[in-house]
Amino acid sequence: FKDASNMTSVFIPNSVTSIGFQAFIFANISSVILPASVITLGDNAFSNNSNLLDITLNSNVNPLGFFSANSMTTIKFDYSGPIQEGFCNGRSNLTSVTILQVTSIENGAFKSTSSLTSITIPSSVTSIGDSAFASSGLTSITIPNLVTNIGVMAFFDCSNLTSIVMPNSVTYIENGTFSYSGLQSIIISKTVTYIGWDSFSNCTSLTSFTFENDSQLTEFGNNAFENATALPSITIPNSVITISVNVFKNCTVLTSVTFESNFQPTTFSFTAFTGSALATVYMSSNTLSHLNSAFSLSLIFGFNSSFFGATNVEIINGYPPPPPPTPTPQPEPYRPGYINRPGPIQYCTSRFAKCNITKKTSFSSGNVTIQGTTNARRQSLIVNQSTYRHGAKLLFSNQVLNAYGRKAGGPGGFGASPRNQF
């Protein structure tokens, strides 16, 4: 069916087991469903079908069969097995992916899918390969509970990725996993033992990085947070024994670091905080004593000229003070001339002049607009004030008021009235 430009659709029955080399190349097919019976798909079988938008795979087939099918917008994987390496690499038009039964997502499977903003990974998946989603358009993702391995640079350059949920099954965060991503905050599960080289480097939106209690983390790899220029503080767990070269290099708003009370590392690079804004370090006396002994230092509680790459750092014995409590909303205070009542409107007990209502410019000293200027129309007065309490309108029936909201008979009034208040 090569060059079958008039072929717009194809039905492949369950009896088909093999589709050959370039079988449908340069056809005009818009959608394909491959049945589970297909076990062999030749290279370029569906290549250069410029209108091929929708693909359903019920069989684990050769990704090269769809080489150059770059118009693809929707794909469904419905089989037990891996999504093969590079299957959707570079499909910039891909917007919808459905994954069912799949056991793993191989290297580069969804790399450079810039229009792919969301994906649901099923619970059957146990591993995510190197660069699996690198440079994709993902905004958030949840890793299922059986995943034990997230590959090197798996989410590298995902600049729109602001949040991720990782399960306790993940024990390693590999090198460059989230580098150059848009992550804003992350909680590291207690089972993670290693944070790799450059794993969060150049995450310039990262403002919160926390660990679960009883963290088992042992090592920060080289440059792990380099250029994380929005991270203001971090707490290092007791379990950490290695802080490598340039871990917090150029973290230009990192002003505070807290070491848990039994923090006693065996490796602590003297360039760990180079170029950071570190000003305050909180630690226990045991940690201070250990650092002095293990690294031949003379650190003191108080100001120190240097601290592992940072300069002029104050070391404080203990923990940082807790944040101030969230203020409790207070009821609106009583003011003379007001009665506070439930609902969005406050009713004045005195003249309009005392009400907190924006002055209407069409009146020299009035506070409201009163519609109706004849005696007859004043029997039903409407006060319009679009900015007053959710844009409410106040209706006054049979209340004779003048344009100033004062007693009729005052300036601009038309006689006395006892009902000039509301």
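Is Cys203 buried or exposed in this structure? In this predicted model, Cys203 has a relative accessibility of 0% and therefore counts as buried, since the cut-off for that class is under 20%. Cys88 is likewise assigned to the buried class, because its relative accessible area is 0%. As for covalent links between cysteines, the structure holds zero disulfides.

Just after the helix, the backbone at Ser296 adopts a positive phi of about 55 degrees.

The remaining feature to follow is the largest pocket, whose volume comes to about 260 Å³. Its lining is formed by 19 residues, of which Phe209, Thr210, Phe211, Ile234 and Thr235 lie closest to the pocket centre. Three strands, E16 (208–211), E18 (233–236) and E20 (256–259), each supply at least two residues of this lining, and the one that gives the most is E16, with four residues. Sorted by class, the lining of the largest pocket comprises 11 polar residues, five nonpolar residues and three charged residues.

Methods:
Residues are numbered from 1 along each chain as its sequence is written. This is a predicted model: local features need pLDDT of at least 70, side-chain atom pairs count only at pLDDT 80 or more; totals for chains, interfaces and linings use all residues. Side-chain values use heavy atoms; hydrogens and water are left out. A disulfide is a pair of cysteine sulfur atoms within 2.5 Å. Buried means under 20% relative accessible area, exposed over 50%, partly exposed in between (1.4 Å probe, protein chains only). On a 1 Å grid over the protein atoms alone, a cavity is a set of points where a 1.4 Å probe fits but cannot get out, and a pocket is an open set with protein on both sides within 12 Å along at least five of seven lines; lining residues have an atom within 4 Å of a point. Grid points are joined across faces, edges and corners, and a volume is the space filled by probe spheres set on the points. Ala, Val, Leu, Ile, Met, Phe, Trp, Tyr, Cys and Pro count as nonpolar, Asp, Glu, Lys and Arg as charged, and the others, Gly among them, as polar.
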